[in-house]
Amino acid sequence: MPKEYIEEREGGLYIAGSRVSLDSIVYAFLRGESPEGIAECFPAVNLEQVFGALAFYLANRAQVDEYLGEGKAEFEKLREKSRREHPGLYAKLESAKRASPISRS
């Protein structure tokens, strides 16, 4: 009997039986992290689940890439809305970022 590694909940895709999103696993994979490294970063899932999620991604790459693109677009929309509604906060954040020695390196 085939095992399901991905489930859809509340409009999102998750590793079955966990709160870890497919997005998290896929983005780690796309950054070049190994399946073992990904499993280490997400203790709520095991190596089998990571491989199952990656197999799902590779088998459904066009649909998952579209899903990820929609998520990025929604994030950008919310970020722009937040910037419009809270300009003072973002001005302080930008000022702190410019003053940080990390941002100057």
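Author: Asp23 has its place in helix H1, where helices (H or I, at least four residues) and strands (E, at least two) are DSSP runs numbered from the N terminus. The model is a predicted one, in which local features need pLDDT of at least 70 and side-chain atom pairs count only at pLDDT 80 or more, while totals for chains, interfaces and linings use all residues. Residues are numbered from 1 along each chain as its sequence is written, and side-chain values use heavy atoms, with hydrogens and water left out.

Apart from its neighbours within four places in sequence, Asp23 is in contact with Leu13, Tyr67 and Leu68; contact here means heavy atoms within 4.5 Å. The side chains of Asp23 and Tyr67 are joined by a polar contact of 3.1 Å. A polar contact is a pair of N or O atoms within 3.5 Å; within protein, one must be able to donate a hydrogen and the other to accept it, and residues adjacent in sequence count only if both atoms are side-chain atoms. Between Asp23 and Cys41, 18 residues apart along the chain, the C-alpha separation is 14 Å.

H1 and H4 pack with their axes 11 Å apart, at an angle of about 105°. Axes are lines fitted to C-alpha atoms, for helices over the stretch in contact, and angles run from 0 to 180 degrees between N-to-C directions. H1 and H4 are therefore roughly perpendicular to each other, on a scale where angles under 35 degrees count as roughly parallel, over 145 as roughly antiparallel, 65 to 115 as roughly perpendicular and the rest as oblique. From H1, the residues Leu22, Asp23, Val26, Tyr27 and Leu30 meet Arg61, Val64, Tyr67, Leu68 and Lys72 of H4. By class, this contact of H1 with H4 has seven nonpolar, no polar and three charged residues; Ala, Val, Leu, Ile, Met, Phe, Trp, Tyr, Cys and Pro count as nonpolar, Asp, Glu, Lys and Arg as charged, and the others, Gly among them, as polar.

Leu30 is also in helix H1. It counts as partly exposed, at 46% relative accessibility; buried means under 20% relative accessible area, exposed over 50%, and partly exposed in between (1.4 Å probe, protein chains only). Not counting residues up to four places away in sequence, Leu30 touches Tyr57 and Arg61.

Tyr57 is buried in H3, as are Gln49, Val50, Gly52, Ala53 and Leu54. The cover over the buried residues of H3 includes helix H1 (22-30) and helix H4 (61-85), together with strands S1 (6-9) and S2 (12-15) and helix H2 (35-41). At the start of H3, a side-chain oxygen of Asn46 comes to within 3.1 Å of the backbone nitrogen of Glu48.

H3 packs on H4 at an angle of about 100°, their axes being 5 Å apart. That makes H3 roughly perpendicular to H4. Phe56, Tyr57, Leu58 and Ala59 of H3 make this contact with Arg61, Val64 and Asp65 of H4. Its residues divide into five nonpolar, no polar and two charged.

Finally, the loop between S2 and H1 holds Ser18. Ser18 is buried, with a relative accessible area of 7%, and touches Arg9, Ala44 and Val45, leaving out residues up to four places away in sequence.
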